Amino acid sequence: MKWSETTSPAARRRLLASLAVLGVVLLHPSLSHAYAGPGAGFAVLSSFWTLFVAFLYSVYAFFAWPFRQLFRLLRRRKAYGKAQIKRAIILGFDGMDPELTERFIAEGKLPNLASLRERGTFRKLQTTFPPISPVAWSTFMTGVNPGKHNIYDFLARDLSNYLPYLSSAEIKGPKRSWKIGKYTIPLGGPRIKGMRRGIPFWHWLGEAGIFCSVIRVPVTFPPEKFSGVLLSGMCVPDLKGSQGTFCLCTTRLPTEKFREGGVRVPIERHRSSCSSYVPGPENPLTGGSGDELRVNFEIQLDNRNQARFTVDSQTFTLKVGDYSEWIPVKFRAGVGFSAHGICRFYLKELSPEVEVYVTPVNIDPGKPDLPISHPVTYSIYLAKLFGPYATLGLAEDTWALNEEVLDDQAFLAQCYANHGDRERMLFDALEKTRQGLCACVFDTTDRVQHMFWRYLDEDHPAARDVPRDQRPSVIQELYSRMDKLIGRVMEQIDDKTLLMIVSDHGFKSFARCVNLNAWLHQNGYLALKSGKTESGDWFDDVDWSRTRAYTMGLNGLYLNLKGREREGIIEPGADADALKDELGRKLDGLVDPASGRAGITGVFDCDSVYAGPYVDNAPDLIVGYGDGFRASWDSVMGKVTSQIFEDNLKAWSGDHCIDPRLVPGVLFCNRKISAEKPAIVDVAPTVLKLFGLALPVHLDGKPWTVAPSTAP
Amino acid sequence: MGSGTSSSVASPLSAPRGSLGVNVPAAIVVGISLVIGLLMVVVFRYTSDQKAIHVAKDRLKAHLLALRLFQDQIPVVLRSYVRIVLATGRYLRLAFKPLLFVIVPLTFLIVQLDRYLGSMPVAAGQPFLVKVRLDNPNTLNEASLQLPDGLLTTASAVHVPSESEVVWRVVAEKPGEYKVNVQSADQTFSKRVVVGAGLSRLSPVRLRGKFWERIFVSGEPALPKNNPIESIDVQYPARNIAFAGFEWNWIWLFFVLSLAAGFLFKSILGIEI
C-alpha cells in the first residue's frame with residue numbers, strides 16, 4: 001500500500017510543509033539558527049568530543065607505536081619464538097562431572113564434547129585436597145599445591161578467637177580517618193589484601209608479551225596487575241562486604257531468621273501502595289556503629305498480578321514471577337560519601353501478601369567502589385558494552401533457594417541470566433584475543449548441580465515428595481547448554497589454537513550430613529561447657545581448655561594446638577602426630593548407621609598432602625567424606641549438635657567437598673594429550689610450555705605432552 | 001531629500017543598562033538560556049528514546065575504552081575505530097530525533113531574538129552605509145536616496161556595477177526611527193533605519209521575494225515583485241555583550257549558557273542526552 005493512499009491530503013500537506021521548513025532550515029544555516037538548543041548541542045559536542053578523544057589517542061598511539069612494537073618484539077621473541085600455539089582458550093566449567101559427562105555423551109546429548117573426545121582428549125582431571133573450588137582454581141592458576149598458595153577452604157580460622165574469616169581476601173577500613181563528634185570521616189579508600197599466594201600463570205605469559213583475557217576465574221579478587229585484562233570471579237564480595245546477602249521484603253510477620261545469606265525487611269502498606277527498602281553497607285561516617293545505609297523503594301499495585309516499582313528515581317513494572325533488570329542503587333552516607341550497587345527485584349507475590357525478593361547488592365561494575373578487574377576500566381568497559389552484570393563472586397543465589405525464598409524456576413532464571421552475561425563476555429574476549437590466552441570460568445555448572453542434584457539422585461531426601469516421573473531434567477539440560485556453548489567456541493578456533501575444557505572437580509549427591517563436631521564431642525575430643533549438650537554457631541559454649549580437636553569449614557579438621565591456638569592444649573610434635581593418627585584411624589570408614597555406608601572414606605594428614613611455606617595455615621587433617629555425604633550445615637559453622645548423621649533436606653543437594661578421589665574434574669582438549677594422571681595442577685605448566693616459556697622452578701605441576709596439531 | 005519620516009525610539013529596553021545598572025542584553029540572554037535549557041532537555045526527555053541513547057552512549061564509551069585496553073592488538077584497535085564512528089552515527093541519529101520537534105520553533109525564536117540582540121542600532125553621529133542592489137547594473141544612475149530630517153549623506157553615492165549596487169554613506173544627527181526612501185524608475189520604496197542605543201527590533205535588509213531568506217534576516221514587508229530594486233540594506237554594527245569579562249556575540253553566549261543550563265537540568269532531572 002502506498003503512503004499516499006493511507007494518508008489524508010491535509011496530513012500530507014502538513015508533512016510536506018514541515019519537511020520543507022526543516023529542509024530549508026538545515027540547508028540554509030547561518031550563525032543564528034545553526035544551533036538548535038542544548039539537546040542537539042550536547043549531541044554534537046559529545047560526538048565531537050568522542051571523535052576528538054579518539055583522534056588524540058590515535059596521535060599518541062601513532063607516535064608510541066614504534067616503541068611499543070619494539071618492546072613487544074623483544075619480549076615476544078621469548079614467547080612466540082618457541083610457541084607451539086598461537087592462542088590458548090581455556091573454558092572452566094566449575095564442577096563439570098566426568099561420569100555425568102560420559103553418560104550424557106553416551107546418550108548423544110553432548111555432540112560437541114563427543115567430537116572433542118573423538119578428535120582430541122577426554123580424561124578425568126585429578127583435583128586438589130580438598131576438592132573445593134577456591135582451592136582447586138588457585139592450584140589451576142598457580143600450578144602449585146595449597147601449601148604454596150595458602151587457600152584451603154572458603155574460610156580460615158582466626159587463631160586468637162576460633163572465629164572464621166574469608167580465606168581469599170581481607171577488606172579493612174581506610175588506614176586513617178578523622179573523627180568529628182559522632183562522625184568518622186574516612187581518609188582514603190578501603191584496604192584490600194589478597195590472601196592467595198603464588199603467581200598465576202598469566203602473569204608469566206604477560207611478562208613474555210603474551211596478551212591474556214581472564215574472566216571470572218575464582219580467587220582473583222583483589223585483581224593483581226599483569227599484562228592483560230582480568231575480571232574477578234568467586235570471592236568478590238557484595239556491597240555489604242558479605243559473600244552474598246539477599247533481601248526478602250515482605251508484609252508477612254517475621255518468622256525465624258534465615259540460617260545464612262539473607263535478611264527479612266518489612267514492607268509497609270499504604271492506601272494503594274507499599275514501601276520498603278534495600279539494606280546496604282554500613283555507614284562509613286558513623287564509625288562502626290552498625291548504622292546501615294538504605295535505599296527506599298515504593299510499590300504501586302497496578303492489579304493483583306502487576307506492580308510498578310520506584311527505586312531512587314527509576315520506575316519499572318513487574319508482573320508476579322518477573323525479575324527486573326539490574327537496577328542501579330546509590331547508598332548515600334553524606335555529601336561525597338556514597339556506595340554504588342546494582343540489584344535485581346523479583347516480584348514473588350502481590351496478594352494476599354506482598355513479597356519481593358532482592359538479590360544481594362552487587363558492586364556496580366560501571367562505577368566500582370572496590371577494584372573488581374584489572375585494569376579497573378575493564379569492568380567498566382564490559383558494563384558499557386553489555387550493560388550491568390553480576391559481579392558478586394557467588395552470584396547465583398543458592399541461599400535464597402535453600403531458604404525457599406526463590407523457587408526452582410526463579411533460581412534457574414537468575415543462573416541463566418548471569419550465564420548469558422558471561423557468554424557475551426567470553427565471546428568478546430575471544431574476539432579481542434586472537435593471540436594469547438583467553439581463560440573464562442563458568443560457575444553455572446557448579447551452582448545448578450549443587451541445587452538440582454536431588455532430581456538426579458533417586459533416593460535423595462530433599463526430593464522424596466517429587467514423583468520420579470515429574471522430576472525435571474535440569475542437570476542434563478545444563479550440560480546440553482554448555483555443550484552448545486563449546487560448539488560455538490569451536491567454530492572460532494583454528495589449527496594454531498589450543499582449546500582446553502577443564503573442571504575443578506566433579507559432583508556427587510549430598511544426601512546425608514555428617515556433623516564432625518558432634519562426633520568429636522561424643523568421642524571425647526571436643527568438650528562443651530558444663531551443663532551444655534549442644535553449642536551455638538562458631539563454638540559458642542565450647543570449653544577450649546578440654547578440647548583437643550575441632551572442625552569448621554568443609555573438610556578441615558584442626559587440633560587445638562598449644563602455642564598456635566589461643567587456648568591450645570595439645571603439645572606440638574609427638575602428641576600432635578599421635579592424635580592425628582588416632583583421629584585418622586577412627587574417622588576413616590566411619591559408618592552411617594542408617595544406611596550402613598561409609599560416611600568418611602579417607603582422612604589425609606596435611607603433612608603428607610601439602611608442601612610449601614604456608615603449610616602451617618593448613619588444617620591438620622583433611623576429611624574425605626564418602627559418596628552421598630558431606631559435612632553438615634551445622635558442622636561447617638562450628639556448631640556441635642547431638643546428631644552425627646542426619647538427612648540433608650535442603651535444595652543444596654549435590655556437593656563435591658568430599659574425598660577428592662571420588663570427584664575428579666574433566667579435561668577435554670582439541671589435541672591429543674599424553675599424561676599418566678593429568679591433574680589440575682598441571683594446567684599452568686602445560687600452558688606455559690606450549691607458549692614456549694621456561695617453567696618457574698617452584699611449580700608442582702608437570703607439563704603434559706600435547707600433540708603438535710589438531711587431529712583431522 | 002527630506003521626504004522620509006522619523007520618530008523617537010523609546011522602550012523599556014532602550015538603554016544598554018537598565019535603571020538598576022543591569023546589563024539588559026546579558027540578562028535577557030541569561031534568562032532565555034535558562035528557560036530554553038530547561039525546556040529543551042524536557043522536550044528531549046519526552047521525544048527521545050532515552051534507553052537507546054543510554055545504550056548508544058555506553059557503547060561509544062566502551063569502544064573508546066577498548067582503544068586503551070587492547071592497545072597492542074592492532075586489529076582490535078582498528079575495529080574499535082570503525083565501531084566508534086558507527087556508534088557516533090547511531091548516537092547522533094538518536095539524539096537528533098528530538099531535534100525534529102524543536103528545530104522549527106526554536107529556529108524562529110532564535111531568529112526573532114537575533115533581531116533584537118544580533119545587531120545594535122546605528123549611533124547618532126556615526127556614519128553607516130545604505131546599500132541598494134538593483135536588477136540591472138546599467139540602471140544604477142537611476143537610483144536615488146531620499147532621507148528624512150535628521151539623516152544626512154556624508155559623501156556622494158558610490159556605484160559598484162560589478163555588484164549591481166549603489167552605496168550611500170549616511171549619518172544621523174539624533175536618535176530616532178527613520179524611514180529612508182529609495183527611488184528607481186519612478187517607483188519609491190522605504191526602508192526602516194533605527195538610530196540610538198539599547199534594544200530595538202532591527203531589520204538590516206528589506207528584500208524582494210526570497211521568502212526563506214526574508215524569514216531569517218528581514219523584519220520588513222517584501223519589496224514588490226515587479227520593481228527594479230532587489231534589496232535595500234542598512235549596515236547595523238554587530239552587538240557584543242559583555243559577560244564574565246568577555247565580549248560575546250549573543251548566539252555564542254546563548255550557546256554556552258543554554259548548554260550549561262541544559263547540563264544542569266539534565267543532571268537534576270536525570271535526563272539522558
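Tutor: Two strands pair if DSSP finds at least two bridges between them. Strands here are DSSP runs of E with at least two residues, and helices are runs of H or I with at least four residues, both numbered from the N terminus. This is a predicted model, in which local features need pLDDT of at least 70 and side-chain atom pairs count only at pLDDT 80 or more, while totals for chains, interfaces and linings use all residues. Residues are numbered from 1 along each chain as its sequence is written, and chains are lettered from A and ligands numbered from 1 in the order in which they are written.

Student: Which residue stands opposite C247(A) in strand 21 of chain A?

Tutor: V358(A) does. Strand 11 (residues 246-250) of chain A pairs with strand 21 (residues 355-358) of chain A over four bridges, in the antiparallel sense. Strand 20 (residues 345-349) of chain A is also antiparallel to strand 21 of chain A, again with four bridges. There, E349(A) stands opposite E355(A). Five residues lie between strand 20 and strand 21 of chain A, and the two strands form a hairpin.

Student: Do strand 1 and strand 25 of chain A run parallel or antiparallel?

Tutor: Parallel: six bridges join strand 1 (residues 87-93) of chain A to strand 25 of chain A. V502(A) is the bridge partner of G92(A). Strand 25 of chain A is also joined by three bridges to strand 34 (residues 665-669) of chain A, and these two run antiparallel. In strand 34 of chain A, F668(A) is the partner of I501(A).

Student: Why is strand 25 of chain A described as largely enclosed?

Tutor: A residue is buried if 20 or more other C-beta atoms lie within 10 Å of its own, exposed if 12 or fewer, and partly exposed in between, with C-beta atoms placed from the backbone. Six of the six residues of strand 25 (residues 497-502) of chain A are buried, so the rest of the structure largely encloses this strand. T497(A), L499(A) and I501(A) point one way, and L498(A), M500(A) and V502(A) the other.

Student: How are two packed helices described?

Tutor: By the angle between their axes and the distance between the axes. Axes are lines fitted to C-alpha atoms, for helices over the stretch in contact, and angles run from 0 to 180 degrees between N-to-C directions. Helix 4 (residues 98-106) and helix 13 (residues 474-490) of chain A pack at about 80°, with axes 11 Å apart.
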